[in-house]
Amino acid sequence: MGKIPPSFRSAIGNPNIRNPSSLFRPQPPSSPSKPPSLKKQSPKPIPKPNPIFKSPNLEDAKKIFDSIANSSKDPRFPNSLLHSYAKIAASTTDSVKFLHHITKTLPSFSPDRSTFHILLSHSCANPNSNSNSSSNSAISAIHQTLNSMHAAGVTPDAATADVAIRALCSAGHLDHAIELVNEFASKHCLPDTYTFNFLVKHLCKARALSSVYDFIDEMREKFGVKPDLVTYTILIDNVCNGKNLREAMRLVSVLHEEGFKPDCFVYNTIMKGYCVLSRGSEAIEVYNKMKEEGVEPDLVTYNTLIFGLSKSGRVVEAKKLLRVMAEKGYFPDEVTYTTLMNGMCRKGEVLAALALLGEMEGKGCSPNECTYNTLLHGLCKARLLEKAIEFYGVIKEGGLKFDTASYGTFVRALCRDGRVAEAYEVFDYAVESKSLTDVAAYSTLESTLKWLKKAKEQGLAV
Amino acid sequence: MLPQGIKKAITDNPKKLANLIDLVNLPSTLREFVGQSQISRLGCFMCVWSYIKTKNLQDPYNKNVVNCDDKLKSILLGKPQVDLAELPALIKMHFPKEPK
């Protein structure tokens with residue numbers, strides 16, 4: 001327990017969400033099924049039940065293209081075909097050759113910027129490039145595309161940079177991404193805020209903080225690209241996740257110096273930092289400051305606060321907050337209720353938590369996996385085994401998963417009660433539902449039984 | 001929680017994990033039972049437990065107890081009845097610690 005439910009985390013951790021870029025964003029290579037929508041110039045590829053190109057072989061693809069080349073008068077038709085082929089092509093060279101073939105066969109078609117964006121976005125998602133040399137081949141694929149873009153007389157713009165950087169970052173080639181940003185900034189155009197923030201976010205995940213700062217400083221000094229409020233939110237979120245609140249506070253003061261006014265997202269992030277460290281009072285302070293500054297709290301603010309207060313054992317206040325948020329017109333969601341139940345369970349008020357479950361369901365908010373796990377854990381801790389078994393039934397029926405904590409507690413509770421067979425059954429379910437790895441599930445069971453033997457010898461258990 | 005938990009288990013005690021999942025050459029008694037010449041301790045447990053389940057060897061009146069059939073007896077010290085609680089310990093006996 002004591003974790004932030006995933007739904008909650010993503011809401012805070014991804015400040016980019018509220019600024020959907022107007023630019024074309026390539027999908028990460030892991031989800032090739034969804035065609036990225038190219039705004040403005042290109043339509044969504046015609047939905048087809050079967051992909052046209054089934055093999056990465058260039059000659060096959062050319063043949064298929066020849067057979068359907070004149071079937072559509074839509075000027076965007078060749079782009080769609082190129083996109084379909086690039087998705088499965090073995091290398092960028094093949095894709096480029098395919099493009100040449102298109103231009104040769106259809107003289108009326110001249111590749112535009114979006115054509116090359118398609119090539120770029122697929123340059124790094126190449127299935128053959130996952131070896132050690134992949135890093136170099138990825139950047140050379142990007143350069144190859146950029147060169148042919150140049151040859152076709154199309155100048156790269158900020159969107160081009162964005163597409164290329166995203167492709168590189170998603171494939172994990174951060175060094176090359178930085179290189180490319182520098183190259184773009186000195187040769188063509190400056191990266192826009194979306195590109196910049198995307199890169200910063202990826203750097204934060206993979207690199208030491210100092211190198212992220214170096215990058216930001218370098219961009220500022222060399223090209224005058226300044227971090228914006230979103231950049232700071234990303235940075236603050238990152239240091240908060242590393243429990244480095246002193247650095248977070250420093251960043252907040254820098255933010256003020258730079259003349260930014262913190263918004264709801266910045267406050268939420270700082271609050272989360274405090275809450276994770278069980279520092280409820282500081283979180284409340286941030287909340288009050290936020291209200292003073294006239295920033296309107298949102299659902300995430302309340303959820304964070306309830307989480308923090310529950311975690312530091314101030315359930316009564318957390319409950320009050322539930323009322324406050326209802327007054328402000330925010331409806332508590334399953335995350336709110338689950339965090340509050342978590343707090344109640346910690347306090348040993350499991351029955352109150354159960355009552356809250358009733359209230360939650362009465363209001364039409366359906367409990368999720370995390371809710372049931374929280375309650376299961378709480379019930380076991382409170383030695384209400386029968387009730388816990390009931391909840392296990394619900395979990396099993398719904399095909400839900402255990403979390404590590406509730407599984408361990410439940411197994412221990414069953415064994416303590418001498419119901420080893422049932423503990424084995426729970427172990428089976430944990431393995432079957434893939435809640436835990438086999439190793440984790442078995443280690444828990446084994447150590448519990450070992451403990452049980454000891455307890456029996458000392459006359460402590462049944 | 002889950003990835004952290006596993007990570008912790010591994011970083012805390014890599015050896016413990018290793019002796020759970022490393023393949024071990026089996027003594028002949030066990031070899032007959034599992035039908036393989038090598039298995040990990042975890043795999044062996046899974047094998048025995050699923051054997052108990054498919055053969056319905058749990059005592060109908062007290063599910064915590066397993067009434068061993070001959071095959072099971074041969075690997076569990078010849079006991080006619082085995083408590084489920086001691087099953088992991090009994091299996092562990094076949095996997096002695098490697099001398100340093």
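**Close-up 1. Helices α15(A) and α16(A) are roughly antiparallel to each other (angle over 145 degrees).** In this predicted model, helix α15 (residues 299-311) and helix α16 (residues 315-327) of chain A pack at about 165°, their axes lying 8 Å apart. Axes are lines fitted to C-alpha atoms over the stretch in contact, and angles run from 0 to 180 degrees between N-to-C directions; helices are DSSP runs (H or I, at least four residues) numbered from the N terminus.

**Close-up 2. A:Met149 sits in helix α6 (residues 134-151) of chain A.** Beyond neighbours within four places in sequence, A:Met149 contacts A:Arg113, A:Phe116, A:Val154, A:Thr155, A:Pro156 and A:Thr160. The C-alpha atom of A:Met149 is 8.7 Å from that of A:Pro111, 38 residues apart along the chain.

**Close-up 3. The largest nonpolar core has 164 residues.** Such a core is a set of buried Ala, Val, Leu, Ile, Met, Phe, Trp, Tyr and Cys residues joined through side-chain atoms within 4.5 Å. A:Phe402, A:Tyr407, A:Phe410, B:Leu72 and B:Leu87 have the most contacts inside this core. Helix α22 (residues 420-432) of chain A gives the largest share, nine residues. Leaving aside neighbours within four places in sequence, B:Leu72 touches B:Phe33, B:Val48, B:Tyr51, B:Ile52, B:Leu57 and B:Val66.

**Notes.** Residues are numbered from 1 along each chain as its sequence is written, and chains are lettered from A and ligands numbered from 1 in the order in which they are written. In this predicted model, local features need pLDDT of at least 70, side-chain atom pairs count only at pLDDT 80 or more, and totals for chains, interfaces and linings use all residues, while side-chain values use heavy atoms, with hydrogens and water left out.

Key
Buried < 20%, exposed > 50% of the residue type's maximum accessible area, 1.4 Å probe, protein only. Helix = DSSP H or I, 4+ residues; strand = E, 2+ residues; numbered from the N terminus. Contact = heavy atoms within 4.5 Å. Parallel < 35°, antiparallel > 145°, perpendicular 65-115°, else oblique.
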